[in-house]
Amino acid sequence: MLVPNKVIRYDESIISKMTVILENLTHHEESIKELFFNTQSHFDEIDEFIYSLDVLFLLDAITVDFNKGVVSHVNQN
């Protein structure tokens with residue numbers, strides 16, 4: 001589920017699904033709830049969405065404002 005291997009195809013992996021989140025956050029920030037509802041068609045279960053957020057956060061690709069519950073894309077200039 002997390003990474004592609006002999007059993008899990010790339011399009012079923014978290015790596016491919018992280019791009020959906022990044023594309024959705026390109027121009028604006030969103031609450032975590034809104035982000036999930038806007039992207040849920042790309043995830044089989046909510047845990048895949050959470051894993052994707054975790055990996056993006058660890059890679060410093062997104063920031064999370066825990067006071068507001070808002071996720072935003074980190075601009076890499």
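User: In what order do the elements of the protein run from the N terminus on?
Analyst: This is a predicted model. The protein has 3 helices and 3 strands. Read from the N terminus, its elements run α-β-α-α-β-β.

User: What radius of gyration does the protein have, and what would a compact globule with 77 residues have?
Analyst: Along its principal axes, the C-alpha trace spans about 40 × 30 × 20 Å. A compact globule with 77 residues would have a radius of gyration near 11 Å, and the value for the protein agrees with that: 12 Å.

User: What percentage of the residues of the protein count as buried?
Analyst: A residue counts as buried when its relative accessible area is under 20%. The protein exposes about 5,400 Å², and carbon and sulfur atoms supply 56% of that area. Of the 77 residues, the share that count as buried is 32%.

User: Among contacts with a separation of 6 or more, what share comes from residues 24 or more positions apart?
Analyst: Contact here means heavy atoms within 4.5 Å. Of the contacts in the protein with a separation of 6 or more, residues 24 or more positions apart account for 43%.

User: Which elements do the buried residues of α1 pack against?
Analyst: Helix α1 covers residues 14–24, and its buried residues are I14, S16, K17, M18, V20, I21 and N24. These buried residues pack against β1 (30–31), α2 and α3 (46–58).

User: How are α1 and α3 oriented to each other?
Analyst: Two packed helices are described by the angle between their axes and the distance between the axes. For α1 and α3 the axes are 9 Å apart and the angle is about 80°. Angles of 65 to 115 degrees count as roughly perpendicular. The two helices α1 and α3 are therefore roughly perpendicular.

User: How many nonpolar residues does the contact of α1 with α3 have?
Analyst: On the α1 side the residues are I14, K17, M18, I21 and L22, and they meet E48, F49, Y51, S52, L53, V55 and L56 in α3. By class, this contact of α1 with α3 has 2 charged residues, 1 polar residue and 9 nonpolar ones.

User: Is F49 buried or exposed?
Analyst: F49 is placed in helix α3. Leaving aside neighbours within four places in sequence, F49 is in contact with I21, I32, L35, F36, T39 and F43. Its relative accessibility is 3%, so F49 counts as buried.

User: Which residues is T39 in contact with, leaving aside its neighbours within four places in sequence?
Analyst: T39 is in helix α2, which covers residues 32–39. With 1% relative accessibility, T39 counts as buried. The C-alpha atoms of T39 and F49 are separated by 8.6 Å, and the two residues are 10 residues apart along the chain. Neighbours within four places aside, the contacts of T39 are V20, N24 and F49.

User: What is the phi of D60?
Analyst: D60 lies in the loop between α3 and β2 (62–65). Its relative accessible area is 52%, so D60 is exposed. Although D60 is not a glycine, its phi is positive, at about 60°.

User: How far apart in space are H28 and K68, C-alpha to C-alpha?
Analyst: H28 lies in the loop between α1 and β1. With a relative accessible area of 41%, H28 is partly exposed. H28 and K68 are 40 residues apart in sequence, and their C-alpha to C-alpha distance in space is 14 Å.

Methods
Residues numbered from 1 in each chain as written. Predicted model: local features only at pLDDT ≥ 70, side-chain atom pairs only at ≥ 80, totals over all residues. Heavy atoms only, no water. Helix = DSSP H or I, 4+ residues; strand = E, 2+ residues; numbered from the N terminus. Buried < 20%, exposed > 50% of the residue type's maximum accessible area, 1.4 Å probe, protein only. Axes fitted to C-alpha atoms, helices over the stretch in contact; angles between N-to-C directions. Parallel < 35°, antiparallel > 145°, perpendicular 65-115°, else oblique. Nonpolar A, V, L, I, M, F, W, Y, C, P; charged D, E, K, R; others polar. Rg over C-alpha atoms; globule rule 2.2 N^0.38 Å. Areas by Shrake-Rupley, 256 points an atom, 1.4 Å probe, with all protein chains shown as cover.
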